[in-house]
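Morning, everyone. I will walk through one structure today, taking a few sites in turn.

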Amino acid sequence: MPELPEVESFKRYFDKTSLHQKIKKVRLSAPDMLFYTQEKDVLDNLEGNIFVETRRHGKFFFALLKKNGALLLHFGMTGKFLYYTPDKKSHRSFALLVEFENGNCLAFQDSRRLGMIGWVRDVDEFIQRQGYGADALKISEKDFVAVVHKRKTAIKTVLMNQRVVAGVGNEFSDEILFQARIHPESTANVLTAAQLKTIYGHMKTILKEAVKQNADRDKLRQYFFLENRRADLKCPEGCRGFTEFKTIGGRSAYFCPSCQKRYA
Ligand SMILES: [Zn+2]
């Protein structure tokens, strides 16, 4: 599932392929994915326009238009981009298809259709209106400690709450808490400021490294739970314990119960 590092790699792909070209035609095949937007708003604002730059906030991607507002995309579980030169033989699926005047196309594909497509007049206003927290790579340590410390739910649930901090999902939250040696069910407001600073430090290190490696899991093998999301595995820390699985806040959590201490 795309989290902050994957969305950052999609952003790079878009920047390399789809900026500064006139948009000829736009097709939408998944109107159920529209997010607070009418189909007409996407088509009318994109056709004849040009993408000039991109932004990412948490797991949201924005392609800013030369004339008016921005295209908004969320990659859900299976979203991705494909830029290609069309040929008559092969059909490529898309949720949203952008045809450029130079003959090439950018497809936003999403087989499970859990992503989102929209058009926003102003990116900052949209983020504020939706109540999203600061981006996980941009939030300061002080702000992170302050917002997390207010929460009375499991720390894993808090890290994944996009209204607290934007960009961390299921897999990266497990890795961050494993590195920080804190049990995912620990209650956030019981953790000390020092413990929250430790979590913050690992969050930054892991996300930065993942962005640097273009979210390529093969290159992130030093991170145990990003590679091995299973129970009953020998803990790599040599604690002699085994990994466990548990559903926390409706999401799957993997952890080492002997390394990761639980604070009520
Ligand atoms: Zn362990």
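**Helices, rings and a zinc site**

Start with helix H2, residues 39-46, where the buried residues are Val42, Leu43, Asn45 and Leu46. Keep in mind that this is a predicted model. What lies over those buried residues of H2? The cover includes strands S1 (23-28), S2 (51-57), S3 (60-65), S4 (70-74), S6 (96-100) and S8 (116-120). After H2 comes glycine 48, and its phi is positive, near 85 degrees.

Now helix H3, residues 123-130. Its buried residues are Val123, Phe126, Ile127 and Gln130. These residues span an arc of only 95 degrees around the axis, so they sit on the same side of H3.

Next, the aromatic rings. How many aromatic pairs does a search of the whole structure find? The search gives 25. One of them joins phenylalanine 35 and tyrosine 36, edge-to-face, with 4.8 Å from centre to centre and 70 degrees between the planes. Is phenylalanine 35 buried or exposed? Phenylalanine 35 counts as buried, because its relative accessibility is 16% and the cut-off for buried is under 20%. Tyrosine 36, at 66%, counts as exposed. As for its place in the chain, tyrosine 36 is in the loop between S1 and H2. Its C-alpha atom is 18 Å from that of aspartate 110, which is 74 residues away along the chain.

There is also an aromatic cluster, made up of Phe10, Phe14, Phe51, Phe61, Phe75, Phe81, Tyr83, Phe100 and Phe108. A ring with a charge over it can be found at phenylalanine 178: arginine 181 lies over its face, 5.0 Å from the ring centre.

On to the zinc ion. Which residues are its protein donors? They are Cys235, Cys239, Cys256 and Cys259, each through SG, at 2.2 to 2.3 Å from the ion. The angles among the 4 donor atoms run from 103 to 118 degrees, and the site is tetrahedral. Along the sequence the donor residues follow the spacing C-x3-C-x16-C-x2-C. Cysteine 239 is in the loop between helix H8 (224-227) and strand S11 (244-248), while cysteine 256 is in the segment after strand S12 (251-255), so this pair ties together parts that are 17 residues apart in sequence. Cysteine 239 is partly exposed, with a relative accessible area of 28%, whereas cysteine 256 is buried at 0%.

Last, two backbone details. Asparagine 214 is not a glycine, yet its phi is positive, about 55 degrees. Where is asparagine 214 found? It is in the loop between helix H7 (193-212) and H8, and at 41% relative accessibility it counts as partly exposed. Aspartate 232 is not a glycine either, and has a positive phi of about 65 degrees. Aspartate 232 belongs to the loop between H8 and S11, the loop that also holds cysteine 239. With a relative accessible area of 64%, aspartate 232 is exposed.

Definitions and conventions:
Residues are numbered from 1 along each chain as its sequence is written. This is a predicted model: local features need pLDDT of at least 70, side-chain atom pairs count only at pLDDT 80 or more; totals for chains, interfaces and linings use all residues. Side-chain values use heavy atoms; hydrogens and water are left out. Donors are N, O and S atoms within 2.8 Å of the metal (3.2 Å for Na, K and Ca); water is not among the atoms, so sites may look incomplete. Four donors count as tetrahedral if all angles lie between 85 and 135 degrees; four count as square planar and six as octahedral if opposite donors are over 155 degrees apart and all others between 65 and 115; anything else is irregular. Helices (H or I, at least four residues) and strands (E, at least two) are DSSP runs, numbered from the N terminus. Buried means under 20% relative accessible area, exposed over 50%, partly exposed in between (1.4 Å probe, protein chains only). Contact means heavy atoms within 4.5 Å. Rings of Phe, Tyr and Trp (its six-membered ring) pair if their centres lie within 6.5 Å; planes under 30 degrees apart count as stacked, over 60 as edge-to-face and the rest as tilted. A charge sits over a ring if NZ of Lys or CZ of Arg is within 6 Å of the ring centre and within 35 degrees of the ring normal. The arc is that of the directions from the helix axis to the C-beta atoms.
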